[in-house]
Amino acid sequence: MPLPSVLQRVRLPIIGAPLFIISNPKLVIAQCQAGIVGSMPALNARPAAQLDEWLAEITETLAAWDRAHPETPAAPFAINQIVHKSNDRLEHDMAVCARYKVPIVITSLGARTDINDAVHSWGGIVLHDIINNRFAHKAVDKGADGLVAVAAGAGGHAGVKSPFALVAEIREWFDGPLCLSGAIATGGAVLAAQAMGADFAYIGSAFIATEEARASAAYKQAIVDGSSDDIVYSSLFTGVHGNYLAPSIRAAGLDPEHLPESDPSKMDFGGGEGSKAKAWKDIWGCGQGIGAVRSVPPAAELVARLRREYDAARSALLAA
């Protein structure tokens, strides 16, 4: 199946993952101008009224870029919506997205037909993130246009499936847009995602360590200094299993090697049961691919590195 027209405007097969607290218009704009999909969670705009201001900034800036650079128009942007009962802003934020006709909506923590229908009504598409094949079927059955396969090693809330297994199972029955998330931080890994059957690599952690990202200097430096050995998988902080940086867990006075489990029925996105430290703000989400991150460049420079590596990997494969 050919990709939806909106995704054909991407110049490098990458979607910048929406980073809770961290993504902002500056990062989204830089990603789109560099030719990849930029995204951010609607909940990053606080108070809720700020979402209107941010979407105006993004759409107007990208439109101006397109007028000035017709030969390299910006890639589309995406807004992430948390489709979980704990999100009491969903109706408001969807109404704002409708006013701006957001081209791509990424849904998380639940799939709803009414949300998908709303996005389709203004001409947008929906990508839903999933951690296994069962959830993938549910998302498509409810009208999602594409899937984000969140495999082992992804930052933040992540699954445990090997990307080889997860992509293969989904591709047995689904030929729509498929993005792969999980420890992707090099251009070679982007090409590998495509070789497995994905259309796009879904990259988050590497973009935390960019100049535009709204993360603390200490958070960015921990990514530069860290490796996969520093990633801890735990449900303690939000009630849902996710990957976090061990140094931030230690800084909160906890032992990253001996964390208790949390009650998933008490899911929250603040401190998490049994912890005074707040997830995302104090406990830093991060994926296993950070060994490839060695500096804190502008987002455009990171995309340029990924493009060079991607082209080199393709050339090497063709020459083999």
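**Entry 1: α2 and α3**

I started with two helices, and the crossing of α2 and α3 turns out to be right-handed. (A crossing is right-handed if the near helix is turned clockwise from the far one by less than a right angle, left-handed if anticlockwise; helices are DSSP runs of H or I with at least four residues, strands are E runs of at least two, both numbered from the N terminus.) Before going on, I note that this is a predicted model, where local features need pLDDT of at least 70, side-chain atom pairs count only at pLDDT 80 or more, and totals for chains, interfaces and linings use all residues. Residues are numbered from 1 along each chain as its sequence is written, and side-chain values use heavy atoms, with hydrogens and water left out.

I then looked up the geometry of this pair. The angle between α2 and α3 is about 25 degrees, and their axes are 10 Å apart. (Axes are lines fitted to C-alpha atoms, for helices over the stretch in contact, and angles run from 0 to 180 degrees between N-to-C directions.) So I can call α2 and α3 roughly parallel. (That word covers angles under 35 degrees; over 145 is roughly antiparallel, 65 to 115 roughly perpendicular, and the rest oblique.)

Which residues meet here? From α2 I wrote down L51, D52, L55, A56 and T59, and from α3 D93, V96, C97, R99 and Y100. (Contact means heavy atoms within 4.5 Å.) By class, this contact has 6 nonpolar, 1 polar and 3 charged residues. (Nonpolar is Ala, Val, Leu, Ile, Met, Phe, Trp, Tyr, Cys and Pro; charged is Asp, Glu, Lys and Arg; the others, Gly among them, are polar.)

D93 sits in helix α3, residues 90-100. Is D93 buried or exposed? D93 is buried, since its relative accessible area is 0%. (Buried means under 20%, exposed over 50%, partly exposed in between, with a 1.4 Å probe and protein chains only.) Setting aside neighbours within four places in sequence, I found D93 in contact with A42, L43, L51 and Q81.

K101 lies in the loop between α3 and β4 (104-108). I noted a positive phi of about 50 degrees for K101, although K101 is not a glycine. K101 is exposed, at 53% relative accessible area.

**Entry 2: α1 against α2**

Next I checked α1 (25-33) against α2 (50-68): the angle is about 25 degrees and the axes are 10 Å apart. That makes α1 roughly parallel to α2. The crossing of α1 and α2 is right-handed. In α1, P25, V28, I29, C32 and Q33 meet W54, E57, I58, T61, L62 and W65 in α2. I sorted these contact residues into 8 nonpolar, 2 polar and 1 charged.

I also stopped at P47, in the loop between β2 (38-41) and α2. The peptide bond leading from R46 into P47 is cis, and its omega is near 5 degrees.

**Entry 3: α7 against α11**

This pair has an angle of about 55 degrees between α7 (187-196) and α11 (299-319), with axes 6 Å apart. That makes α7 oblique to α11. The crossing is right-handed here. I listed G187, G188, V190, L191 and Q194 from α7, which meet L306, E309, Y310, A313, R314 and L317 from α11. The residues of this contact split into 6 nonpolar, 3 polar and 2 charged.

A183 lies in the loop between β8 (178-181) and α7. Its phi is near 65 degrees, positive in a residue other than glycine. A183 counts as partly exposed, at 36% relative accessibility.

L302 is in α11, and L302 is buried at 4% relative accessible area. What does L302 touch, leaving out residues up to four places away in sequence? I found A206, F207, T210 and P297. From L302 to S262, 40 residues apart along the chain, the C-alpha separation is 36 Å.

**Entry 4: a sheet**

Last, I looked up an open sheet of 3 strands, in the order β7-β11-β10, with antiparallel pairing. Its edges are β7 (156-157) and β10 (231-234); each has a single partner strand, so one side of each has no neighbour in the sheet. (Two strands pair if DSSP finds at least two bridges between them.) Between β7 and β11 (242-245) I noted 2 bridges, the strands running antiparallel. G156 stands opposite N243 in β11.
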